[in-house]
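Please brief me on the local backbone and side-chain features of this structure.

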Amino acid sequence: MGLASCFGCQLQITNNEAHLLEVLGQIDLSYWQLSTSGSMPADFDVAIIEGAVTTQEAAATVRHLREVAKVVISVGACANTAGIPGMAAANHATRAGEVYDQLPLAAGELVAPCSVSSVIDVDYRVLCCPIDPLEFLDVLSHALYGSNKTLSTKTMCGDCRRNETTCFYNKQELCLGLVTTAGCNARCVNLGRPCNGCRGLSADANLAAARETVARYGVSVADFDKALELFNQTSDLLQEKE
Amino acid sequence: MTKTSISVDHIARIEGHGNVHVVIEEGVVKTVEMNVVEPARLFESMVRGRSYTEIPILRRASAASVRPAMWSPI
């Protein structure tokens with residue numbers, strides 16, 4: 001099921017070409033908006049939800065899916081942290097009027113964007129914007145065959161140490177790896193880009209120490225805080241840690 | 001001779017999904033409705049006050065972005 005999102009995470013699932021036939025041999029694909037045009041069945045063993053909740057209709061949809069599915073997997077930053085749609089959460093009521101003359105009726109009954117996991121309990125999560133195709137298959141296999149593996153809560157800096165990549169702070173460049181949940185093996189840093197925090201704030205993050213570090217390396221703490229909003233605008237964890 | 005004419009002159013600024021409902025009675029098209037079902041994410045409001053360096057990240061999430069044509073441009 002795709003909610004407010006770019007459908008990029010669903011596209012990432014289709015990018016598993018080498019493994020798709022093997023996956024399809026283990027499941028009965030009963031409904032997928034992106035690849036089939038059938039109607040939604042009455043119940044599911046596994047429901048996979050991408051996107052943030054931005055309308056009352058979407059909230060009702062995810063509650064319904066929770067009722068009829070044995071297992072729910074939330075995929076992507078939008079479903080797990082409200083992601084980029086969450087950027088519109090602050091002052092949501094007045095936001096549309098600032099930039100549009102009117103919203104079309106098709107926009108539906110808007111609510112402040114929030115994550116799927118803030119509306120219902122989810123059993124498994126696949127983080128990142130967009131998701132890693134192989135991480136999705138890993139999590140799907142946990143959902144199909146059972147697993148008590150939990151997501152890492154540590155921050156990403158240790159991954160860069162192990163990968164022996166250069167720290168962006170040595171170049172006085174902002175990177176959110178020092179407070180962001182590890183698990184992607186610092187993919188962006190390996191590609192030469194700083195972390196933009198798409199896995200969401202780490203439960204182990206120490207924001208005060210991080211800000212001290214940011215300042216010590218001559219990077220703007222205000223910029224750090226603003227960058228942190230990108231994927232954590234609606235994060236309870238961020239509120240708790242402040 | 002029966003003439004069938006379906007014109008889609010310009011559907012711009014819409015992401016890759018929507019609904020189209022066509023009602024045909026005895027070979028005559030009665031109504032055609034198009035629904036834009038992509039949730040409004042208010043991107044134009046999000047980018048205000050943000051650094052231009054963040055726009056590629058915001059745009060990634062709107063890569064196939066979605067704004068019904070009746071909305072004002074940025």
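**Backbone and side-chain briefing**

Ala186(A) is buried, because its relative accessibility is 1% and buried means under 20%. Ala186(A) also has a positive phi of about 50°, although it is not a glycine. The model is a predicted one.

**Backbone geometry in chain A**

- Ala186(A) sits in a loop of chain A, between helix H7 (157-163) and helix H8 (187-190).
- The peptide bond between Cys129(A) and Pro130(A) is cis. Its omega is about -5°.
- Pro130(A) lies in the loop that runs between strand S5 (124-126) and helix H6 (133-145) of chain A.

- S1(B) and S2(B) run antiparallel and are joined by 7 bridges.
- One of the pairings links His21(B) to Glu33(B), its bridge partner in S2(B).
- The hairpin has 2 residues between its strands.
- Glu26(B) belongs to the loop between strand S1 (19-25) and strand S2 (28-35) of chain B.
- Glu26(B) is not a glycine, yet its phi is positive, at about 50°.
- Glu26(B) counts as exposed, because its relative accessibility is 84% and exposed means over 50%.

- Helix H9 (residues 207-216) of chain A contains Arg211(A).
- Arg211(A) counts as buried, at 18% relative accessibility. The cut-off for buried is under 20%.
- A polar contact of 2.8 Å links the side chain of Arg211(A) to the side chain of Asp225(A).
- Neighbours within four places in sequence aside, Arg211(A) is in contact with Val221(A), Phe224(A), Asp225(A) and Glu242(A).

- Glu54(B) is placed in the loop between helix H1 (43-46) and helix H2 (55-60) of chain B.
- Glu54(B) is buried, with 9% relative accessible area.
- The side chains of Glu54(B) and Arg50(B) make a polar contact of 2.7 Å.
- Setting aside neighbours within four places in sequence, Glu54(B) is in contact with Lys226(A), Ala227(A) and Leu230(A).

- Is Ala186(A) buried or exposed? Ala186(A) counts as buried, at 1% relative accessibility.
- Is Glu26(B) buried or exposed? Glu26(B) counts as exposed, at 84% relative accessibility.

Technical notes:
Residues are numbered from 1 along each chain as its sequence is written. Chains are lettered from A and ligands numbered from 1 in the order in which they are written. This is a predicted model: local features need pLDDT of at least 70, side-chain atom pairs count only at pLDDT 80 or more; totals for chains, interfaces and linings use all residues. Side-chain values use heavy atoms; hydrogens and water are left out. Helices (H or I, at least four residues) and strands (E, at least two) are DSSP runs, numbered from the N terminus. Buried means under 20% relative accessible area, exposed over 50%, partly exposed in between (1.4 Å probe, protein chains only). A polar contact is a pair of N or O atoms within 3.5 Å; within protein, one must be able to donate a hydrogen and the other to accept it, and residues adjacent in sequence count only if both atoms are side-chain atoms. Contact means heavy atoms within 4.5 Å. Two strands pair if DSSP finds at least two bridges between them.
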